[in-house]
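Q: Could you walk me through this structure? I am new to it.

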Amino acid sequence: MGNTPIIPMGDGADGSDAAVAAAGNSPARPWQTHPGLSSTGGNAGWFGIALSQAERFLAEAGFDRAPWLAVAFACGILTWFALPGPWQWIAAIGSSLLFALAALAIWPSGSAIADERGHLRRAMIALGIVFAAGMTVIWARSEIIGAEPIERPLIERVQGYVLDREDQPSDKRVRLTLAVRDAATGESRKIRINVPLDALAEAEAEAGEGAAAEGAVVRMRVRLMPPASPMLPGAYDFARTAWFRGLAATGSLIGDLEIVEPAARDLGIAAVQRGLSRHVRARVDGSAGTIAAAFASGDRGAIAKTDDEAMRDAGLTHLLSISGLHVSAVIAAAYLAALKLLALFPAIALRARLPVLAAGAGALAGVAYTLLTGAQVPTVRSCVAALLVLIALAMGRDALSLRMVAAAALVAMLFITGLVIEIALMPIVLYHFHRAGLYGAIANVIAIPLVTFVSMPLIALALLLDLAGLGAPVWYLVEASLDLLLAIAHFTASQPGAVKLMPQMDGLTIALFTAGGLWLALWTGRARLLGLAPAALATVMLIATPIPDVLIGREGRHVGITMVTPEGERRLLSLRDTRSSYSRDNLLELASVTAEPIPLAEWPGARCSRSFCVIGIERGGRTWTLMMARNRDRIEERRLAAACAQADIVVADRFLPRSCRPAWLKADRKLLLRSGGLALDLDEGRMTSVAEGQGQHGWWRGERD
């Protein structure tokens, strides 16, 4: 022993932690004293094993982290909309931050276990912080931008400053967004007014064309309404949209429009956009001209409703929305044109790098086109992505090869791409619009090359030749190409089974679709196939989603009942034969019915008097008796109470007395002010209301208990 050399050691006899632990002299380590956090087997427990598997998965998956941070940010925003009120928002933000802090506490920076759990630690910290940031940003935006709506409908005379003008020739009107001062409080508020074209033309005949544009001061008598909440559960929520646009009211002109101070004669983007739209429509006749104006300036206000619906049902609406396809086409055309033109001048070609100059020309064209067409979020995103490609080209990188362009141009690739897009977008389209075109992939095989390689280059060439007054022949070709596009849309939309209607899917179903799609898109390798599981489950849930038996509008005036004819066709019975396309379309879409509604009074099983209609519905193994008010005529309370006692459901657009007591539901004005529109599933005896998804958000004006 005495001759044994003394060997310098670390924590253990062999310089390792394991040796020290074996000798019983190991200092306590946080991850070793907590059995659930140990990274090794033995007594680690299922929690430690799960953490190890998660770490291994993240280490081997090979994925881009940035898109998942964007997903976390979006999830924070969506969670804010889904949760009902401030204390839930605060709890969610605090929980996500605690989630990030837990990773810092369990795996402190610089420790060995922090390195061992590096991927998992960074993911927990980043996702927790970004999720909280998403909730915080949307909450702050709501508080800063949100405009308190007016309390009730009113008629008043206003004088305001024109903030925005939106021409809508297809609806024979112009929409003016005004900043006005409230006469009672003196506060400024923003309102949107529909002005008929003839009233606008009369006012501008005196003040000059374009006098009622941005910057003008106008005076008028208007009928104002608070922004409308959804008519039915799952319907479009304009009140929420108006809140984030700062609109306190919407309305229409009564009488004449007076221009107090004309707009300044300038060349702002909005004025250029309107002028370009008018120029294109003057050169191309009919529906083709309205489509050409949309491609050239982003102005879709002149597109006829029938054409817009045909494009939607044919799966071609994306062509009307200025997006990556259009921006890429403009930039590519400008880049190639500049490259070929500059190459014709030896003095330039020998002294400068032509790809750099061409990339600059393409960038200018892309930015100008983005601004001209309204600079919407998808357009800006597409422009930024295209600019990155141009930067790569200017640096000599192979960001875009002719081989890739040739492959993308193959018809088979277009079909597959269109099919993938249709499948990916169909759940989202069904969630928002309750209908989707089924033949879009086939229509896009012809429509995408037609627009990209024929229509848009011809429009650009025609506008260029118009500088010399020589564009007429090219405009003829533009019209022919767009007439072909519309023919494809109308033919596709008119085919049997071209449109699929579905009832309103719930939040869990769309969440599963989205989660599955994101997992399939953002992971790599075999791990991405796990995204098929939530998507498949969501598909089953969507198919099993019941169609509402009764739909009751937010005011109780419009009621729709789904019935099956003796021929087996599902039809919608409507309490009132309304001329409002908005009400009719909402009832039809949410009932998943394409045929026109049948007036309830004409249905053989209904009994209608001047004041009420009564009908029996066989659902859930029993007969439900519905009694619905047709007007606001007052009747003797005793008779009304007796009729209510024989009904299961009573619907009225006025307050009913307390003596009216149906067996299940009294949907009168008192209830509907709190609940909003209703959807009834009689098989399950379940009621869904608009108020259930609104919570305490500022745009919901329903009465709260």
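Q: To begin, which way is the link of Cys 608 and Cys 613 handed?
A: The link of Cys 608 and Cys 613 is right-handed, with 110 degrees about the S-S bond. Please note that this is a predicted model.

Q: How far apart are the sulfur atoms of Cys 608 and Cys 613?
A: The sulfur atoms of this disulfide lie 1.9 Å apart.

Q: And Cys 613, buried or exposed?
A: Cys 613 counts as buried because its relative accessibility is 1%. Cys 608 counts as partly exposed, at 32% relative accessibility.

Q: How many disulfides does the structure hold?
A: The structure holds two disulfides. Another pairing is that of Cys 644 with Cys 660, with an S to S distance of 2.0 Å. The torsion about the S-S bond of Cys 644 and Cys 660 is about -85 degrees, so that disulfide is left-handed.

Q: Where do Cys 644 and Cys 660 sit?
A: Cys 644 is in helix α24 (residues 637-645), and Cys 660 is in the loop between β15 (649-651) and β16 (665-667), 16 residues apart. Both Cys 644 and Cys 660 are buried.

Q: Changing topic, where is Asp 549 found?
A: Asp 549 lies in the loop between α22 (532-543) and β8 (550-552). Asp 549 counts as buried, because its relative accessibility is 6%.

Q: Which side chain joins that of Asp 549 in a polar contact?
A: The side chain of Arg 619 does, at 2.5 Å. Asp 549 also touches other residues, including Gly 560, Thr 562 and Asp 681.

Q: Lastly, how many residues has the largest nonpolar core?
A: The largest nonpolar core has 50 residues, and Leu 485 is one of those with the most contacts inside it. Helices that each supply at least two residues of this core include α10 (269-283) and α20 (472-493).

Methods: Residues are numbered from 1 along each chain as its sequence is written. This is a predicted model: local features need pLDDT of at least 70, side-chain atom pairs count only at pLDDT 80 or more; totals for chains, interfaces and linings use all residues. Side-chain values use heavy atoms; hydrogens and water are left out. Helices (H or I, at least four residues) and strands (E, at least two) are DSSP runs, numbered from the N terminus. Buried means under 20% relative accessible area, exposed over 50%, partly exposed in between (1.4 Å probe, protein chains only). A polar contact is a pair of N or O atoms within 3.5 Å; within protein, one must be able to donate a hydrogen and the other to accept it, and residues adjacent in sequence count only if both atoms are side-chain atoms. Contact means heavy atoms within 4.5 Å. A nonpolar core is a set of buried Ala, Val, Leu, Ile, Met, Phe, Trp, Tyr and Cys residues joined through side-chain atoms within 4.5 Å. A disulfide is a pair of cysteine sulfur atoms within 2.5 Å. Lists of a residue's contacts leave out its neighbours within four places in sequence.
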